[in-house]
Amino acid sequence: MENTYLLGAHRGIVLITIIAYFTLTLFIGYIGRAGKASHDDAELKDWAVAGRNIGAIVLGLAWSATYFSSYAVLGVAGQAYTEGLSVMNLATAYFVPTAALMYIFGAGINILGRTNNYMSVGDLLEDRYGTKYARLPIIITTLIFSGYFTGIQLIGAALVLEQLAGIPYFIALILGAAVLCIYVMMGGFKSTALTDTLQATLLFIALFGGGIIAIKITGGKLFSMLIEKVGVAGITSPGLKGLATPVFGISYSINIILYCFGYMFFQWMLAAENPQALRKAAGIYSVVCPAGYIFGSILLGVAGLAIGLKAARPDYIFPVVIVEFFGPVMASVLIAGVLGATQSTAASVLAGVSLCSSYDLYKKMINPNASEKKVVVISRTMSVLVLVGSIILAMTAREGIMLLGAIGISFFSVTAPSVLASVFWPRATKQAAIAAPFIGLVVLCYTVFVQKNMLGIHPGLWGACTSMIALIIISYITPKTEEERIDRICGTISAVYNKKLHSLWFPTKPGNAVATFLLVAQMFAICYGLKYIRSTTLILGMAPQYAWVVFWWAVSLICMWYIFNHTPIDTTVKK
């Protein structure tokens, strides 16, 4: 029977690549293992917040790797292949605003965490709102999110291994899950941080290499070929199939920004060795992630469309292009990049849910007398259980990376208002912090499963807005939080940023206000620019729509730099 797999005749090269990659990740995970410490608290500290000593480079790459996923290699390229440049609405506008939050918000969280010995976002919520039940929304959303998002990463890796080399889907799932489980069990967030550094590097090479390949295979005439092939619809919004409308693009971008308040990203804020490390890490992330998309997977997907390559499904266009033009060795390197993408995101999610279930749920809500050692043991056990559930999901839901991703990344949007309010809004109350996320979750589920993308708006934004409105209303009709808590939490934040309590939400310096406005405006400029710029006249060989997005990315980087340099943060504050 004829071998129909892309690399079916070169399984040896593929297997060697897989073995080498997995061996290296296991070795790095072993280096970061928890349990080397001489006392239990240190072991939990290593597991939960990576010893609070993660430097800028590792942190920046770990943050990038958590945002990169199989969607970065497979999903974005696949969308560019079917939609054209309109995918830039969904893959460019949110990175720099997220990086700004990473430092500005994260610096205060890092200082609070060190001062009050927080091991998780749940510690902050309980401390600020004065009840252990304030942990419930983040626990429930994290547990729901974990199965979806870990499952999507396993699906991505398994599909690539199956389609490239004919490795059975189930075997690929088990192999990827087993390696992932082992190194997360060894060291939690500490091992995850170290392995993410390797994975982000591999992935960036794969993505950036994809962009170079796109230019090479089209002889430097990518955009003119694209326009000739599909016309102006291929370079404008909403795209060839009408997915990326401006409204959906903006709501999707806001949802991804809120994703940075998810459990695992919060742990990275707590794990940074100091706020300065967060600042440098944010700079790394703001360049690495968008560059990988803008100059990598988007260009490669568009190149596949421009030259008329055929792929069994859009998600496969990245490996199809690599194999078609560069053969088995380069394709094997790509496999390492895809595995890095899937495992880096899955590892952070897996470490987060195992910690959330063992520490926030078990120790803090069920058995306060549980030893730190027992918490780590339960975390390791939960890693296995979550992966089993994710494997079941991956076996029963192979309908595509985009759908599961859209569902998964939305769950944290409903908890973001309560997390933000815990430090920036003194009037927020415990009743609101507990109830509002669940109200938002109901609306989120309605717009995901019943009235999908209602009014063309991403479900995550519906959930977040509902949660925020409920938080405000309930806070004003319930008793204020006691002054001692406000002074200790919000008062510390006001001292860190040298601002008054009533102005913690927004920039008060004119320059910062303008820069912040431009960071928000660039999302609208990108999403609406791709709709209303209809010219096909190339600019320096680029479609004007593509040049427009690159320009606004540069503007946003300048704005971020300005904000960082004009936001004094007092790292010596202790309350």
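Buried, in this tour, means under 20% relative accessible area, exposed means over 50%, and partly exposed covers what falls in between, with a 1.4 Å probe and protein chains only. The structure is a predicted model, in which local features need pLDDT of at least 70 and side-chain atom pairs count only at pLDDT 80 or more, while totals for chains, interfaces and linings use all residues. Residues are numbered from 1 along each chain as its sequence is written, and side-chain values use heavy atoms, with hydrogens and water left out.

**Whole chain**

Of the 575 residues in the chain, 62% are buried. The chain exposes about 20,100 Å², with carbon and sulfur atoms supplying 68% of that area; accessible areas come from the Shrake-Rupley method with a 1.4 Å probe, and for residues only the protein chains shown count as cover. Where contact means heavy atoms within 4.5 Å, 86% of the contacts between residues at least 6 apart in sequence join residues at least 24 apart.

Select residues 263-271, helix α12, which is mostly covered, 9 of its 9 residues being buried. Among them are Tyr263, Phe265, Phe266, Trp268 and Met269. Next select phenylalanine 105, which, leaving aside its neighbours within four places in sequence, is in contact with Phe266 and Met269, and also with Ala100, Phe261, Val419, Leu420, Val423, Phe424 and Tyr497.

A nonpolar core is a set of buried Ala, Val, Leu, Ile, Met, Phe, Trp, Tyr and Cys residues joined through side-chain atoms within 4.5 Å. Which residues touch the most other members of the largest nonpolar core? They are Leu85 and Phe105, in a core of 181 residues. The largest share of this core, 17 residues, comes from helix α14, residues 317-366.

Move to helix α19, residues 459-477. The expected span of a helix is 1.5 Å times one less than its number of residues. The end C-alpha atoms of α19 are 27 Å apart, which agrees with the 27 Å that its 19 residues should span.

The buried residues of α19 include Leu461, Ala464, Ala470, Leu471 and Ile474, and what covers the buried residues of this helix includes α11, α17 (416-424) and α18 (430-450). To look at the α11 side, select tyrosine 252, placed in helix α11 at residues 246-259, which is buried because its relative accessible area is 4%. Tyrosine 252 and leucine 461 are 209 residues apart in sequence, yet 7.4 Å apart in space, C-alpha to C-alpha.

Then select Met468, Ile469, Ile472, Ile473, Tyr476 and Ile477, which form a nonpolar patch on the surface with about 630 Å² of accessible area together. Patches are made of residues with over 30% relative accessible area and no salt bridge, like charges being joined within 9 Å and nonpolar side chains (Val, Leu, Ile, Met, Phe, Trp, Tyr) within 5 Å. Methionine 468 counts as partly exposed because its relative accessibility is 42%.

**Salt bridges**

A salt bridge is a side-chain nitrogen of Lys or Arg within 4 Å of a carboxyl oxygen of Asp or Glu, and a search of the whole structure finds 7 of them. Select arginine 135 and aspartate 123, which form a salt bridge with their closest N and O atoms 2.7 Å apart. Arginine 135 is in the loop between α7 (121-129) and α8 (136-165), and aspartate 123, 12 residues apart from it, is in helix α7. Arginine 135 is buried at 1% relative accessible area, and aspartate 123 is buried at 8%.

Now select arginine 485, which forms a salt bridge with aspartate 127, the closest N and O atoms being 3.7 Å apart. This pair links distant parts of the chain, arginine 485 in helix α20 (residues 483-497) and aspartate 127 in helix α7, 358 residues apart. The side chain of arginine 485 also meets that of glutamate 482 in a salt bridge of 2.7 Å, N to O. Arginine 485 is buried, with a relative accessible area of 18%, whereas glutamate 482 counts as partly exposed at 43% relative accessibility. To show the network of salt bridges here, select Asp127, Glu482, Glu484, Arg485 and Arg488.

**Last stop**

Finish at glutamine 522 in helix α21, residues 510-532, which is buried with a relative accessible area of 2%. Not counting residues up to four places away in sequence, glutamine 522 touches Ala93, Pro97, Trp552 and Ser556.

Terms used:
Helix = DSSP H or I, 4+ residues; strand = E, 2+ residues; numbered from the N terminus.
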